[in-house]
Amino acid sequence: TYQESMNTVLTQECIRYNGLLAVMGLSLRETIKALKGLVVMSPELEGVSNAMYDNLVPEMWAAKAYPSLKPLSSWVGDLVERTRFVAAWISSGTPSVYWISGFFFPQAFLTGTLQNYARKNTFPIDTVSFSFQIMDNLQATQVAAGPE
């Protein structure tokens with residue numbers, strides 16, 4: 001619905017992840033062609049090839065990606081989990097638990113959360129803020145639904 005700011009957050013996340021995946025797909029296809037001698041090996045494609053060999057995230061991808069210090073092998077696994085989270089959100093609806101560090105841009109999620117709360121309770125947005133309670137013993141699987 002219009003009142004659900006998380007729809008905007010989800011749309012923005014999809015745009016960012018789709019942009020990253022498009023750059024990855026194109027650069028991988030072109031790098032394979034260059035390695036086969038079908039196209040000229042540009043400095044950018046050589047950078048992709050060398051980075052992959054060294055288990056580093058290619059600069060071409062890092063420029064479109066979320067901040068990460070992980071080596072390529074871990075980074076790809078992390079990317080798969082992040083896209084699964086977004087895909088599950090699309091297919092199953094608003095999750096009861098969010099993976100905040102899995103967001104491309106977590107600030108948008110935090111702002112959207114405040115906007116939803118302010119709209120629901122008819123508070124001015126600039127009067128609401130977060131307070132936190134650490135719950136070390138709570139597992140995500142124990143949460144059946146999000147907050148009211």
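I took a salt bridge to be a side-chain nitrogen of Lys or Arg within 4 Å of a carboxyl oxygen of Asp or Glu. I applied this to a predicted model, and the count came to 4 salt bridges.

**Entry: helix α1.** I looked up its extent and found that α1 covers residues 6–36, 31 residues in total. From first C-alpha to last, α1 reaches 45 Å, close to the 45 Å expected at 1.5 Å a residue. I then checked what comes after α1 and found Gly37, with a positive phi near 85 degrees.

**Entry: Glu30 and Lys33.** I found a salt bridge here, with the closest N and O atoms 3.4 Å apart. Glu30 and Lys33 are 3 residues apart in helix α1, so about one helical turn separates them. An α-helix has 3.6 residues a turn, so residues three or four places apart point the same way. I looked up accessibility for both: Glu30 is partly exposed at 23%, and Lys33 is partly exposed at 34%.

**Entry: Asp78 and its partners.** I noted that Asp78 forms a salt bridge with Arg82, the closest N and O atoms being 2.6 Å apart. Asp78 and Arg82 lie 4 residues apart in helix α4 (residues 72–92), which puts about one helical turn between them. Both residues are buried; for Asp78 the relative accessible area is 11%, and the cut-off for buried is under 20%.

I also found Asp78 in a salt bridge with Lys70, where the closest N and O atoms are 3.7 Å apart. Lys70 is partly exposed, at 39% relative accessible area. I recorded Lys70, Asp78 and Arg82 as a linked network of salt bridges.

Notes. Residues numbered from 1 in each chain as written. Predicted model: local features only at pLDDT ≥ 70, side-chain atom pairs only at ≥ 80, totals over all residues. Heavy atoms only, no water. Helix = DSSP H or I, 4+ residues; strand = E, 2+ residues; numbered from the N terminus. Expected span 1.5 Å × (residues − 1). Buried < 20%, exposed > 50% of the residue type's maximum accessible area, 1.4 Å probe, protein only.
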